[in-house]
Amino acid sequence: MTADSNPTETQETAPVPPRRSFLTKFLSVVIGGVLVVFPFATGLAFFLDPLRSRRKQGEEEVAPEFEGFIKVTELEELPVSEEPHRYKVIDDRVDAWNMFLQQPVGTVYLLRSGEQDILAFNADCPHATCPVSFDSDRKLYQCPCHNSSFHPTGDIANPDSPAARGLDRLEVKIRNDNEVWIKFQNFLPGKAEQIPVT
Amino acid sequence: MKALLNWLDDRTGYREILNDALYERIPGGARWRYVWGSTLTFTFVVQMITGVFLWMAYSPSSQTAWESVYYIQYEMQFGWLLRGVHHFTAQAMIVLLALHFMQIIIDGAYKAPREVNFWLGLILMQLVLGLSLTGYLLPWDQKGYWATKVATSLSSMVPVIGPDIQRLVVGGPSYGNHTLTRFFALHAGVLPALLIGFLALHIYVFRRHGITVKTPPKAADTTFWPDQVFKDAVACLGVLLVVLVLIFWNAPQHSSELGQLAEEGRLGDVFGADLGAPADPTENYRAARPEWYFLFLFQFLKYFSGDVEVFGAIYIPAAVMGFMFLMPFIGRWKLGHRFNVIYMTTLLIGAAVLTGVALKEDRADEKVAAAVLDAHSKSERIRELIVDRGGVDTAGAVNLLRNDPKTYGAELFAQKCATCHQFDGHDGTGEPLKIPATASDLGQFGRREWIRGMVTEPAGPKYFGATVGASYNGEPVETRFTEGEMASWVEENAESMTSEEINAVVEFLVAQGDRADNGAVNSELAAAGREFFENGNDNLTSACVDCHAIRPIGEDEELGDIGSAPLLTGYASEAWLRDFLRNPGAEHFYGDNNAMRAFDNLSDQELNLIVRWLLHNWHEPETVTEPDTVSEPDDSGE
């Protein structure tokens, strides 16, 4: 709106321009701006809520060194073997106002190569998050979507793989000499390095 | 830049439109009395903007509507502000509507040639009222639910097609998911679209006829921009400020904690629009009242009942509204105009008086006050429960509340148990018993003091003493218990037990219940109690175990035999109590001596509520913990 443009056609009686015209115009524009910006800005701040990081509520208390870790299985159930085993990760899942207690939130592969040596991988392919599965005949993880395959160690197996990195390794801790706890995380797909999704 | 604008003007002619809009002539100069139409337009724009943003977080269904609004109010950043603006601007709109309307009538702006625009205005008024009515339901809280339910049931009074109309509005035979989806579509889609359309026509026709100047112009003519625009803007700012004041109304009360609340993102606890307890169709809400601006209709309806109710609900309001459409014709005569002014003034005063009467009657009505208070405490309670759980499950918030012993335990106790038992001298809810108690006082059931009393004076008035006046299955109970085996045994042996031995056996029984509200157990004392329970001492006629069977907690073997006295395994624990309530006459409880009805027809949920309530097992926010003895804090027993 340009405040200083004049009416093109003059009316019957040309209105007398008010004296404090500039101040009036200026204040009108300022107040008008506030009036429109206020509800819009409120809405926008509200709309940006998802960018805020939310601390998880209702979490059980665990020893500090196990914070963020989830128990997946026990050593007794995980034999030393050349083949990885698949486990569901069970955790409380938050969905806006909903809290679903003890829901599957992801899948991991555990490979136990020695008494205490365990490799854990997130089963989502690092290329485009399709779920990989282990092919016992070829001794490879196979992705069903774009043909990536990975060695049991997680490294890329086929040179033409579209994946930018190997399978995502997860931190493992043994608790009470028997329980297998992992730090379950998802990572941004398509990147060469691991960037956790928060 | 200039070239670009010229090009744009050439293709669109925007300069002329702008000029027409801005330089409309205002005969007699800008005036404050012309601002109402603009403030209404402004509030509508605010509602559109805030409404669309709210829409992004709202979910219309009976398990998610309240929950999503809860999330907006308490969890999302500035949700309380957004909701507050939307809520209070809606109220402001009603007031502005009345002001605008009165200004039109008094200035005679409804008369020829402006009849059509007046009618358009009346239609707009209906649309705004429709938006208010539909919006009130959307949070799906107790007050919105019940008030709207009453309003829609009135539509069933329309002759012949009434029931069908109601079914169409509600979306089926009963209130629920489809009521919400329909109301939401009306509120966010149909009504705003109609409103935009009619508002455009309204403004177009208004521009065609120009402003109505009532008194002969004293000042020189001016143009809309900037003089009237300035006045309009200031008025709109005033409206916005009023809305903000309403949103922050509670600020003085909470001034000391505002900083902390802001830091924790909990400003929604104190600011913005109220959110009541979630709608519970099974719990008739006594204080179902429409929003304040419909209160006069609500009150008006009270004067009609039975066959004539339809007059109060439909015929008369419709006639009053219908008459307004005729006002432009009546206003052609000078006298007619005067009549119109008097008609509207009377209506407004009448509505104000009716509103006042409605408020006064409510204030005098204890049941309404109690219902409002109850809904308020439930809305605070549900918040505690949701925070504790970290969110609601798919069954929704009302289910969380229904399973809360703190909310419903007392009520159930009063209903089911207080016909015989007392609870700390009352019926559980704080009311005195209607008839004298005929069984023990369960207020402290299973706590140390209570068990101690049972072991030292079982025939006392707080225990079996009350049963002497009872009768069960037509047979008077009389001294069945007061001179029963337990009481007789205690009478004979009371002298032979040391206080230390009693403390020990009480501690032993407390250990069986393993209850959080009893705090930590003194295991040394309990072990001594176990010894006493089994072997008594040399002076006793018999030991507890000679009558009571028990499998002490943490042991595998049962001591004693079932049959002569209540089994004390897990005594006063939830499991014991549940088993007992289902069948107190079972052989392992009171057998043939039993004088308490069995609660085998209680649903699991109800049983659970009573049991957990009696055991004080419910969630309390962390700041309030109340174990009855001094002891280390224990995990709450959930």
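A charge sits over a ring if NZ of Lys or CZ of Arg is within 6 Å of the ring centre and within 35 degrees of the ring normal. Lys173(A) has its charged end over the ring of Phe66(A), at 5.8 Å from the centre.

A quick word on the ground rules: this is a predicted model, in which local features need pLDDT of at least 70 and side-chain atom pairs count only at pLDDT 80 or more, while totals for chains, interfaces and linings use all residues. Residues are numbered from 1 along each chain as its sequence is written, chains are lettered from A and ligands numbered from 1 in the order in which they are written, and side-chain values use heavy atoms, with hydrogens and water left out.

Now for rings that meet rings. Rings of Phe, Tyr and Trp (its six-membered ring) pair if their centres lie within 6.5 Å; planes under 30 degrees apart count as stacked, over 60 as edge-to-face and the rest as tilted. Over all chains, the structure holds 47 aromatic pairs. One of them, Trp80(B) with Phe271(B), is tilted, with 5.7 Å centre to centre and 45 degrees between the planes. This pair links distant parts of the chain, 191 residues apart: Trp80(B) is in helix α5 (residues 79-107) of chain B, and Phe271(B) is in the loop between α11 (258-263) and α12 (295-302) of chain B. Helices here (H or I, at least four residues) are DSSP runs, numbered from the N terminus. Buried means under 20% relative accessible area, exposed over 50%, and partly exposed in between (1.4 Å probe, protein chains only). Trp80(B) counts as buried because its relative accessibility is 8%, and Phe271(B) is buried too, with a relative accessible area of 4%. Elsewhere, ring pairs link a cluster in chain B that includes Phe445(B), Trp450(B), Tyr463(B) and Tyr590(B).

Leu326(B), in helix α13 (residues 309-330) of chain B, counts as partly exposed because its relative accessibility is 43%. Leu326(B) is 14 residues from Asn340(B) in sequence and 9.8 Å away in space, C-alpha to C-alpha.

Finally, Met56(B) is placed in the loop between α3 and α4 (65-74) of chain B. With 48% relative accessibility, Met56(B) counts as partly exposed.

Notes:
Helices (H or I, at least four residues) and strands (E, at least two) are DSSP runs, numbered from the N terminus.
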